[in-house]
2 protein chains.
Amino acid sequence: VTKQHFLDSFFNPESVAIVGASRNPLNFNFYLVGNLVKLGFSGRIYPVNPNADEILGMKAYASVKDIEDGIDLVVSAVPARMTLDIMKECVDKKVKCVVLVSGGFSEGGAQGDKMQDEIASLLKRNGIRAIGPNALSPINSLNNLAISFFPLEKLIGGGVSFIFQSGLYEPRLKWLFSDYHLGISKLIDLGNKMDINEVDALEYLADDPDTKVIAIHLESVKGDGRRFVQLLKNTSEKKPVVVLKSGRTAAGAKAAASHTGSMARGSDAVFDAMLKQSGVIRAQTIEDFLDFAKAFEFLSPPTGNRIAIGSMSGGEGVLAIDMCQREGFTMAKAEYTTFDRLKSILPPWETPLNPFDLGVCVQFHPFLDVYKKFLESMVGDKNVDGVVVGLPPIGILFESEGAHKPFLLGKEKKKPVVLWTHAVDESLNALVEKLEWEGVPVYPSAERAIKALSVVYKYKLMHERAS
Amino acid sequence: VTKQHFLDSFFNPESVAIVGASRNPLNFNFYLVGNLVKLGFSGRIYPVNPNADEILGMKAYASVKDIEDGIDLVVSAVPARMTLDIMKECVDKKVKCVVLVSGGFSEGGAQGDKMQDEIASLLKRNGIRAIGPNALSPINSLNNLAISFFPLEKLIGGGVSFIFQSGLYEPRLKWLFSDYHLGISKLIDLGNKMDINEVDALEYLADDPDTKVIAIHLESVKGDGRRFVQLLKNTSEKKPVVVLKSGRTAAGAKAAASHTGSMARGSDAVFDAMLKQSGVIRAQTIEDFLDFAKAFEFLSPPTGNRIAIGSMSGGEGVLAIDMCQREGFTMAKAEYTTFDRLKSILPPWETPLNPFDLGVCVQFHPFLDVYKKFLESMVGDKNVDGVVVGLPPIGILFESEGAHKPFLLGKEKKKPVVLWTHAVDESLNALVEKLEWEGVPVYPSAERAIKALSVVYKYKLMHERAS
């Protein structure tokens, strides 16, 4: 029997108490309970608020101690100075897991620091594990557990799990969980890392069978640095790990220290070198971070570096090629037979096959035929390892039944097909949603599509060399 | 009296004939006339199509020669092999300006090359100037002239003018002219540059009083290279010039050659060095290219490099600082009095003023108060040269009358205020539209906001040093 990791009780509690639950939708605390109800959390929910009788149709309790049943997880969202008393109640109630949502602890000066230390030692003495303080988490799409200040509409499940050091993701949480079409398994925000830190979180997700890709946002390492790097190394041999490290500059590191109370140890260069050894993929911006996670979730790695490009404008094709070269790809030279297969959609003059100018072809042949023939030919071509294609600016062209099917051909053949579009109107957004639902990623530009494909390839190369 | 530049007749014709006009909205040629009608082009329109009596309610002519009046500009969109005959008719009709829309010339192999040469020599002998072939242009928002294959809804006028080498912009044309909220004066797509090239276009826009910012996409230089660089240098002393050069890698340059028939001369490194001397701002991606154009259109340059950051999450603040440092900015140290001014919106614990964590403050104080006080304080602070602020993920908070006003404070004081948001819902898009309508740019991430602000500052520094 495998021993369960202690974090499992945080992600899969059978009962959750929310201390500081609010009835007022203008108060952020409202959504701590509101999201659990709206999303249909599979466990029991106990709102705690001494000034309310009921919240969202559920009985409200004056204190954790008043709850009749045992409680697996207590989420505390009361002001910092009241938190120690709540924790004492948790001790009495024999709670084993708490999330401290509130801020004003080690990130809020000497007094906050002292309060955090007092709480830490109380919890340690009593064997209680804690996420935070200054943290909003966890989220688990498998049981619809979601602790957040912002209203969520749905959690699209999938294979990506996130570790965040801070609420970097909060302003885009709803977007991330629905409009971005990423399949997310779990999310943990570590906050001040008073107890649980990046080492614990990575350890748990490394062995989590529902997590296929791990994306980690870090401002500092609070756990055992050597152990963390070893863990990154071991983990990335099993599944892709993407890391976004912020607080890289001196000023950034100082700011990181003041908002989560964690000072980065060692310079960014040292951290960089550590990461390089560990086989993780490093992102420089939050866009890259999310783009890469989506790529690992959706794409099978290209077996080689030969890429075929199809674009709506020749100029975009040229930009795309520049980016391919920069990312270590070469331009695929299509098989001889591919030319024949493409014949029926070519313009009445000579035109190169790579990059392929779909925009010229559609001036002479029906839109859907052009896309279909191009995708069939390139996905079927033995000299092509990956296909990158721009969508036209008009989504209604693909509204007919099955019109999007050719884009799915890569899925069947395990050859990565990556799309880009400057989606702006509703019909394009509908097409993007349909495609991403089926696991074909659509990026906002050719550059981002190619960069995302390239990290999947780089991960494969690193892994091959390692094994 | 200043002599008019010959390109003025292309941008401001009193009459335009469209040869190859179509009645069928599924044919791209339909929009060549359709856009002029829909947008309300101020001049006279003459559709030419021997198989139609009328098009969009206007009389259709069998030939250019049949048009009763004189014609300033002929747009030819018939197949390549028919184009020479159309040009002969233009000679007879004493037309002085033509746009050759069709492809299949020098970019389409030896036969196309020969056709293009024949046309070039005919036009030259008769003093006719030509844009293209393989080009969709011009566009001028002042008179609603727009030659494009895609339906346009409106042209938002303003100070940015574009030179494109190819239809790179075409897939995002509608978006660029409406949803991107950039004020655009003129756009010219040069295509194969049989006659008119980048030197002519830059020469014209350099002296165009309606053009405040010039954005140039290049794959190759076809005109006199030395003259072009001198012109870039002289122009960028008067107004900002942003350059996106694609076809940078060997494969990219080859692809550029095959889609517009222009081979780049000299290596990219040589071109790079040339550009560096010329004082232009160089963009590496199409996103940067458009971001930078918007920045120059909207922002007054910061007088120094001290930036204040306000974000909805501490983590975003840290990322923003990293980016500030990378771009040569420093973190502003607010005046002593600013702390007092911010007092009423602070959380009940110590918190740094830069980056300022708006997300913590709004947990304790009303949203609009927090944003208003922060913006008033930072825009009014003598130690702050520029302000970069993240919007919250909920646009409805700003729906009340005048709620967006604090964001406009920078405009009054000529201190740049740049915003970012991950706009996804309708209410946020409405806020972004309102703000950008008033000239406050909103970028999709802190990184892009800061990068855009930095080029405005870099341009100012270059200019100061030069003068």
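# Briefing: a predicted model with chains A and B

Asn144(A) sits in the loop between β8 and β9 (145-146) of chain A, where helices (H or I, at least four residues) and strands (E, at least two) are DSSP runs numbered from the N terminus. Asn144(A) has a positive phi of about 60 degrees although it is not a glycine. This is a predicted model, in which local features need pLDDT of at least 70 and side-chain atom pairs count only at pLDDT 80 or more, while totals for chains, interfaces and linings use all residues. Residues are numbered from 1 along each chain as its sequence is written, chains are lettered from A and ligands numbered from 1 in the order in which they are written, and side-chain values use heavy atoms, with hydrogens and water left out.

**Contact between the chains**

- Chain B and chain A each bring 56 residues to the contact, where contact means heavy atoms within 4.5 Å.
- The size of an interface is often given as the accessible area lost when the parts come together.
- About 4700 Å² is buried between chain B and chain A, and carbon and sulfur atoms give 68% of that area; buried area is the accessible area (1.4 Å probe) that two parts lose on being put together, summed over both.
- On the chain B side, Pro171(B), Val318(B) and Trp349(B) lose the most area to chain A, together 12% of what that side buries.
- Between chain B and chain A there are 9 residue pairs in polar contact, with both residues at pLDDT 80 or more. A polar contact is a pair of N or O atoms within 3.5 Å; within protein, one must be able to donate a hydrogen and the other to accept it, and residues adjacent in sequence count only if both atoms are side-chain atoms.
- Four helices of chain B, namely α8 (250-260), α10 (286-298), α11 (314-326) and α17 (446-466), each supply at least two residues of the side that touches chain A.
- Helix α11(B) gives the most to that side, with 8 residues.

**Salt bridges across the contact**

- The count between chain B and chain A is 2 salt bridges, a salt bridge being a side-chain nitrogen of Lys or Arg within 4 Å of a carboxyl oxygen of Asp or Glu.
- Glu316(A) forms a salt bridge with Arg172(B), and the closest N and O atoms are 4.0 Å apart.
- Arg172(A) and Glu316(B) also meet in a salt bridge, at 4.0 Å from N to O.
- This pair crosses between chains, from Arg172(A) in the loop between β10 (160-164) and α5 (173-179) of chain A to Glu316(B) in helix α11 of chain B.
- Arg172(A) and Glu316(B) are both buried; buried means under 20% relative accessible area, exposed over 50%, and partly exposed in between (1.4 Å probe, protein chains only).

**Salt bridges within a chain**

- Over all chains, the count comes to 34 salt bridges.
- In chain A, the side chains of Lys294(A) and Glu436(A) meet in a salt bridge of 2.9 Å, N to O.
- Lys294(A) lies in helix α10 (residues 286-298) and Glu436(A) in helix α16 (residues 426-437) of chain A, so the pair ties together parts that are 142 residues apart in sequence.
- Both Lys294(A) and Glu436(A) are buried.
- Lys186(A), Asp208(A) and Asp210(A) are linked in a network of salt bridges.
- In chain B, Lys460(B) and Glu464(B) form a salt bridge of 2.8 Å, N to O. Both lie in helix α17, 4 residues apart, about one turn of the helix.
- Lys460(B) is buried, at 18% relative accessible area, whereas Glu464(B) is partly exposed, at 42%.

**Helix α7 of chain B**

- The 14 residues of α7(B) (residues 225-238) should span 20 Å at 1.5 Å a residue, and the end C-alpha atoms are 20 Å apart, which agrees. The expected span is 1.5 Å times one less than the number of residues.
- The buried residues of α7(B) are Phe228(B), Val229(B), Leu231(B), Leu232(B), Thr235(B) and Ser236(B).
- At the start of α7(B), a side-chain oxygen of Asp224(B) comes to within 3.1 Å of the backbone nitrogen of Arg226(B).

**Backbone features in loops**

- The peptide bond from Gly132(A) to Pro133(A) is cis, with omega near 0 degrees. Pro133(A) lies in the loop between β7 (129-131) and β8 (139-140) of chain A.
- Ser137(A) and Pro138(A) are joined by a cis peptide bond, with omega about 0 degrees. Pro138(A) is placed in the loop between β7 and β8 of chain A.
- His181(B), which is not a glycine, has a positive phi of about 60 degrees. His181(B) is in the loop between α5 (173-179) and β11 (184-189) of chain B, and counts as buried at 13% relative accessibility.
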